[in-house]
Amino acid sequence: MIHFDHVGKRYPGGFDALRNVTFALGRGEFAFLTGHSGAGKSTLLKLIAMIERPSAGQVVIAGRHLEKVRRSDIPYLRRHVGLIFQDHRLLFDRSVFDNVALPLVIEGYHPRDLARRVRAALDKVGLLDKEQANPITLSGGEQQRVGIARAVVNKPPLLLADEPTGNLDPDLSREIMGLFEQFNGVGVTVLIATHDLELVRRLGHRRLVLDHGTLKAGGEA
Amino acid sequence: MAAGGKRASAGASSSRPLHPLHAWLQHHRTSLRAGLATLAHSPFSALLTAGVIGIALALPAGLFVLLNSLQPFGSHLDGSASISVFLKQDLDAPASQALARSLRARPDIAAVDGITRSQALAEFRRLSKFKDALDALPDNPLPAVLVVHPAPGHSQPASLKALAGELRRSPQADMVQLDMEWVQRLNALTRLGQRGIEVIAGLLGLAVLLIVGNTIRLDIQNRHAEIEITKLIGGTDAFIRRPFLWGGLCYGVAGGLAGNLLVGVALWLLSGPAERLSALYDSALTPPSLDPLTALALLAAGALLGLGGAWLAVTRHLRRIEPA
């Protein structure tokens, strides 16, 4: 699903966020991406989501060489990647339902199908009773679950999460990770960047360890 | 992740996106609603913007209507533009009538009035004080005259001059007189007025473009987070542009309506004095009024400028908002 081949990312100013990173993540795999802050975890996820472009090497996602993707095609590729952020990135001027519906509105679903899928996604994360609430009235854990519902509502084959449990207590963190495991159980490839090593150890999935932009462990499957 | 790839299932339903055209239309509908909602969300500032656009549109439109209402006055004068052809003394009546007939047949001549030598003498006797002197002369010294009225489309100075030159070359003509000075002055004045309105319309059109552009730019800034998130979850540039373009169009149309209202009120205020002036000119002037075509053009201009201004703002600012 994800192939990194000697990938480097140098930001303007000469800072190397990633150096010579090579790894492969198979379809349906579940992996954690760990490392100290500033190790390049977010940069790696941004390369997969095409928020950034690599300055060296090749990134291949589901058989597509990302360096050959034109700017105008990026939106269509992003529709196949569910993104989850530490700060949730919800829109507080609309309801939970409308937040979760946004990817389906973008893809142009009939309102009836759209409502059914939004409710299915909200049911999955246990927030069906909150669909008319404004996200700002929800707790941090609930907001994150809305973010997850939005990421999975159009059933992407790949889920990327950047510190999804960063602001949550251990119980809520376990709950969120349980959701990711459920999605993985139906075949979704999941890559989660986190510095919660305790949780990572306990769940025992594959680990990719970044240290100052280089991959220290987990490169070989 | 490839478009043809098999999608893993995270939910329970198997629905698919609508046909692209249907989805496109559906999003245009929602975008129009969003555009109207933006206006309704802050009605006072929306009204203010529409009012400013309306004033900018009403000024050239009002002047245009006024100039148009002067047009009948101008063509009335045009109608009196004429060329006097004094015929040679030895030309007899049938010959001069034949010449008049052949002139009448030309497409650039509307009418030819013939004044025979005896008619000219009678008129001269009536209007002048040389009655006795004329009686003393052995024969009529006055020539026959053909007064040539050009056809409506041929009263411009250049074509009048050409026609006069042609008449001057004809063997029957002794002298050809064309008084064009006032025709030229009127033409120059009308042209100046038209050019002035064009310049004003151009400048104010630019102002509308900038007003709408700036309003939409602020709107884009206010919705920075929404745009960023939409880009992150796969919204195309066109998808993100749409609500802003509809917003600009709504502003433009609202401005066009306001402009029509302002022109209507202004003309209503002018109608009394204009009617009095018209009476003094023997109804040569029609009181200025906003005809449906001009009103529609005003609305269309507002819509186009609104859309254009939004387009400018969107192309300039949307690209700079990239998720980070």
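This is a predicted model: local features need pLDDT of at least 70, side-chain atom pairs count only at pLDDT 80 or more; totals for chains, interfaces and linings use all residues.

Reader: What is the hand of the crossing of α9(B) and α10(B)?

Author: Helix α9 of chain B covers residues 237-280, and helix α10 of chain B covers residues 292-317. Applying the definition above to this pair, the crossing of α9(B) and α10(B) is right-handed.

Reader: Why is α9(B) described as roughly antiparallel to α10(B), and not as oblique?

Author: Two packed helices are described by the angle between their axes and the distance between the axes. Here the axes of α9(B) and α10(B) are 7 Å apart, and the helices pack at an angle of about 150°. Angles over 145 degrees count as roughly antiparallel. Therefore α9(B) and α10(B) are roughly antiparallel.

Reader: Which classes of residue form the contact of α9(B) with α10(B)?

Author: The contact of α9(B) with α10(B) includes one charged residue and ten polar residues. The remaining class in this contact is nonpolar, with 17 residues.

Reader: How do α1(B) and α9(B) cross, and which term describes α1(B) relative to α9(B)?

Author: The axes of α1(B) and α9(B) come within 8 Å and cross at roughly 50°.

Reader: Which residues of α9(B) make the contact with α1(B)?

Author: On the side of α1(B), the residues include B:His27, B:Ser31 and B:Leu39. By class, this contact has ten nonpolar, six polar and one charged residues. The residues of α9(B) are B:Phe239, B:Arg242, B:Pro243, B:Trp246, B:Gly247, B:Leu249, B:Cys250 and B:Ala254.

Reader: Which helix gives the most to the side of chain B that touches chain A?

Author: In total, 28 residues of chain B are in contact with 36 residues of chain A. Both α1 (20-41) and α8 (224-232) of chain B supply at least two residues of that side of chain B. The helix that gives the most, with five residues, is α8(B).

Reader: Is A:Ile148 buried or exposed?

Author: A:Ile148 is found in helix α5 (residues 140-152) of chain A, and A:Ile148 touches A:Ile84, A:Val125 and A:Leu179, not counting residues up to four places away in sequence. A residue counts as buried if 20 or more other C-beta atoms lie within 10 Å of its own. Because A:Ile148 has 26 other C-beta atoms within 10 Å, A:Ile148 is buried.

Technical notes: Residues are numbered from 1 along each chain as its sequence is written. Chains are lettered from A and ligands numbered from 1 in the order in which they are written. Two residues are in contact if their C-beta atoms, placed from the backbone, lie within 7 Å. Helices (H or I, at least four residues) and strands (E, at least two) are DSSP runs, numbered from the N terminus. Axes are lines fitted to C-alpha atoms, for helices over the stretch in contact, and angles run from 0 to 180 degrees between N-to-C directions. Angles under 35 degrees count as roughly parallel, over 145 as roughly antiparallel, 65 to 115 as roughly perpendicular and the rest as oblique. A crossing is left-handed if the near helix is turned anticlockwise from the far one by less than a right angle, and right-handed if clockwise. Ala, Val, Leu, Ile, Met, Phe, Trp, Tyr, Cys and Pro count as nonpolar, Asp, Glu, Lys and Arg as charged, and the others, Gly among them, as polar. A residue is buried if 20 or more other C-beta atoms lie within 10 Å of its own, exposed if 12 or fewer, and partly exposed in between; C-beta atoms are placed from the backbone.
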